[in-house]
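Here are my notes on the model you sent.

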Amino acid sequence: MSPEVDCSVLIPVYNEERYVEQSWAAMRRQRFDGRLEFLFVDGRSSDRTREILERLAAEDDRIRVIDNPNRTVSSGLNVALAQARGTWVARMDAHTAYPDDYLALGVR
């Protein structure tokens, strides 16, 4: 069985190759007392987004890459929510920088 997850982070993406790695760097720095999972839901990007995400997932077991066949943000959030294992759910975007306590403050 999969490890216990405290907070699932839903991240809809589409053609984010220019931003996703630096956004992941900010996500990775989150100070959070508990286990996080990051669900990147790809709307079938036509750039290298999926390739980058697969590489990041191979490097960090907290990342899951999920297909979003309907390609819209709302559909992607629903797909991710259906697979989320956390007690809490948060949303982050793949082209945004976040303060290191973003998730901790949101859950609190």
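1. A cut-off first: a residue is buried when its relative accessible area is under 20%, exposed when over 50%, and partly exposed in between. By that rule Tyr98 is buried, because its relative accessible area is 12%. Keep in mind throughout that this is a predicted model.

2. Tyr98 has a ring partner. Its ring centre is 4.6 Å from that of Tyr102, and the planes meet at 50°, so this pair is tilted. Tyr102 is partly exposed, since its relative accessible area is 33%.

3. How many aromatic pairs does the structure hold? There are 3. Trp24 and Phe40 make one of them, an edge-to-face pair with 6.3 Å between centres and 70° between planes. Trp24 sits in helix H1 (residues 20-28) and Phe40 in strand E2, so the pair ties together parts 16 residues apart in sequence. Ring pairs also bring in Phe38: Trp24, Phe38 and Phe40 are linked into a cluster.

4. Are Trp24 and Phe40 buried or exposed? Trp24 has a relative accessible area of 3% and is buried. Phe40 is at 0% and also counts as buried. Leaving out residues up to four places away in sequence, Phe40 touches Ile11, Val13, Val20, Trp24, Met27, Leu53, Ile63, Arg64, Val65 and Ile66. Trp24, its ring partner, is in that list.

5. Helix H1 deserves a look of its own. Its buried residues include Val20, Ser23, Trp24, Ala25, Ala26 and Met27. What covers them? The cover includes strand E1 (7-13), E2, H2 and E3.

6. Nonpolar side chains tend to be buried together in soluble globular proteins. Here the largest nonpolar core has 20 residues. Ile11, Phe38, Phe40, Met92 and Leu103 have the most contacts inside it. E1, H1, E2 and H2 are the elements that give two or more residues to this core. Which element gives the most? It is E1, with 4 residues. Another core lies apart from this one; it has 5 residues, among them Leu10, Leu39, Val41 and Ala80.

7. On the strand pairing: E2 (residues 36-42) runs parallel to E3 (residues 63-67), and 5 bridges join them. Phe38 of the ring cluster stands opposite Ile63 in E3. From E2 the chain passes through helix H2 (residues 49-59) to reach E3, a β-α-β crossover that is right-handed.

8. Asp42 is worth checking. This residue is in strand E2. Is Asp42 buried or exposed? Asp42 is buried, because its relative accessible area is 2%. Beyond four places in sequence, Asp42 touches Val13, Tyr14, Thr49, Arg50, Ile66, Asp67 and Asn68.

9. Two backbone angles to inspect. Which residues are they? Arg44 has phi near 60°, a positive value in a residue other than glycine. Arg44 is in the loop between E2 and H2. At 43% relative accessibility, Arg44 is partly exposed. Arg71 has phi near 70°, again positive in a residue other than glycine. Arg71 is in the loop between E3 and helix H3 (73-83). Arg71 is partly exposed, with a relative accessible area of 43%.

10. Last, Phe32. Where is Phe32 placed? This residue is in the loop between H1 and E2. Phe32 counts as buried, because its relative accessibility is 14%. Leaving out residues up to four places away in sequence, Phe32 touches Asp6, Cys7, Leu103, Ala104 and Val107. Leu103 is also one of the residues with the most contacts inside the largest nonpolar core. From Phe32 to Tyr102 there are 70 residues in sequence but 8.9 Å in space, C-alpha to C-alpha.

Technical notes: Residues numbered from 1 in each chain as written. Predicted model: local features only at pLDDT ≥ 70, side-chain atom pairs only at ≥ 80, totals over all residues. Heavy atoms only, no water. Buried < 20%, exposed > 50% of the residue type's maximum accessible area, 1.4 Å probe, protein only. Contact = heavy atoms within 4.5 Å. Pairing = 2+ DSSP bridges. Right-handed = clockwise from strand over helix to strand, strands pointing away. Phe/Tyr/Trp six-rings, centres within 6.5 Å; stacked < 30°, edge-to-face > 60°. Core = buried A, V, L, I, M, F, W, Y, C linked by side-chain atoms within 4.5 Å.
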